[in-house]
Amino acid sequence: MTIVRDGVDKWACFHCPGGCGETIKLSLSKNRRPRWTAMSDWLRRPTISPSVRQTNECRCHFWIRQGRIDWCRDSPRRTCHATVRRSLKGS
């Protein structure tokens, strides 16, 4: 996961863990809706809230908690055991 910054966190970007290949860009801006929050623990494992739902053919629905993908019950993809690491991009 890459956090794009311009003085403040603006976007959280990562590849869909469902395998569709799409880059997911979540707004972290307090002025946009919907928006997400991104935090990292001391091991730089990101947590994103609320959950992420793909509306493309992938239809994945998941949480990212401490760098781990937790699939929601309504997600067709629940077998991937992807982990996510955080990096920063921008100023």
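**Strands, core and loops of a predicted model**

Student: Let's begin with β6 and β7: what do they form, and which residue in the turn has a positive phi?
Tutor: This is a predicted model, so please read each value as computed from it. β6 and β7 make a hairpin, and 2 residues sit between the two strands. The residue in that turn with a positive phi, about 50°, is Gln-66.

Student: How many bridges join β6 to β7, and which residue is the bridge partner of Trp-63 in β7?
Tutor: The two strands run antiparallel, joined by 4 bridges. In β7, Trp-63 has as its bridge partner Asp-70.

Student: What about β5 and β6: do they run parallel or antiparallel, and which residue stands opposite His-61?
Tutor: Strand β5 covers residues 46-53 and strand β6 covers residues 61-65. They are joined by 3 bridges and run antiparallel. Opposite His-61 in β6 stands Arg-53.

Student: And β4 and β5: how many residues lie between them in their hairpin, and which residue in the turn has a positive phi?
Tutor: β4 and β5 pair in the antiparallel sense, over 4 bridges. The hairpin they form has 5 residues between the strands, and the turn residue with a positive phi of about 65° is Arg-44.

Student: In what order do the strands of the open sheet come, and which are the edge strands?
Tutor: The open sheet has 4 strands with antiparallel pairing, in the order β4-β5-β6-β7. An edge strand here pairs on one side only, which holds for β4 (37-40) and β7.

Student: How much does that sheet twist from one strand to the next?
Tutor: The sheet in question is the open one ordered β4-β5-β6-β7. From each strand to the next, its twist averages 25°.

Student: Stepping back, how many helices and strands are there in the protein chain?
Tutor: Reading along the sequence gives the pattern β-β-β-β-β-β-β-β. The count for the chain is 0 helices and 8 strands.

Student: Of the residues in the protein chain, what percentage count as buried?
Tutor: The chain exposes about 6,100 Å², with carbon and sulfur atoms supplying 49% of that area. It has 91 residues, and the share that counts as buried is 37%.

Student: Which residues touch the most other members of the largest nonpolar core?
Tutor: This core holds 18 residues. Elements giving two or more residues to the core are β2 (9-15), β3 (23-27), β5, β6 and β7. The members that touch the most others are Phe-14, Leu-26, Ile-48, Val-52 and Phe-62.

Student: Is Phe-62 buried or exposed?
Tutor: Phe-62 lies in strand β6. Leaving aside neighbours within four places in sequence, Phe-62 is in contact with several residues, among them Phe-14, Ile-24, Val-52 and Trp-71. Because its relative accessibility is 0%, under the 20% cut-off, Phe-62 counts as buried.

Student: How far apart in space are Phe-62 and Pro-50, C-alpha to C-alpha?
Tutor: In sequence, the two residues are 12 residues apart. In space, C-alpha to C-alpha, the separation is 9.3 Å.

Student: Where is Asn-56 found, and which residue's side chain makes a polar contact with its side chain?
Tutor: Asn-56 is found in the loop between β5 and β6. At 16% relative accessibility, Asn-56 counts as buried. The side chain of Asn-56 also reaches the backbone nitrogen of Cys-58 at 2.9 Å. Its side-chain partner, at 2.8 Å, is Glu-22.

Student: Why does Ser-75 count as buried?
Tutor: Ser-75 is found in the loop between β7 (68-71) and β8 (87-90). Leaving aside neighbours within four places in sequence, Ser-75 is in contact with Arg-59, Cys-60 and His-61. Buried means under 20% relative accessible area. Ser-75 therefore counts as buried, since its relative accessibility is 4%.

Student: Which residue's backbone nitrogen does the side chain of Ser-75 reach?
Tutor: The residue asked about stands across from Arg-53 and belongs to β6. The side chain of Ser-75 reaches this backbone nitrogen at 3.2 Å, and the residue is His-61.

Terms used:
Residues are numbered from 1 along each chain as its sequence is written. This is a predicted model: local features need pLDDT of at least 70, side-chain atom pairs count only at pLDDT 80 or more; totals for chains, interfaces and linings use all residues. Side-chain values use heavy atoms; hydrogens and water are left out. Buried means under 20% relative accessible area, exposed over 50%, partly exposed in between (1.4 Å probe, protein chains only). A polar contact is a pair of N or O atoms within 3.5 Å; within protein, one must be able to donate a hydrogen and the other to accept it, and residues adjacent in sequence count only if both atoms are side-chain atoms. Contact means heavy atoms within 4.5 Å. Two strands pair if DSSP finds at least two bridges between them. Axes are lines fitted to C-alpha atoms, for helices over the stretch in contact, and angles run from 0 to 180 degrees between N-to-C directions. A nonpolar core is a set of buried Ala, Val, Leu, Ile, Met, Phe, Trp, Tyr and Cys residues joined through side-chain atoms within 4.5 Å. Accessible areas come from the Shrake-Rupley method with a 1.4 Å probe; for residues, only the protein chains shown count as cover.
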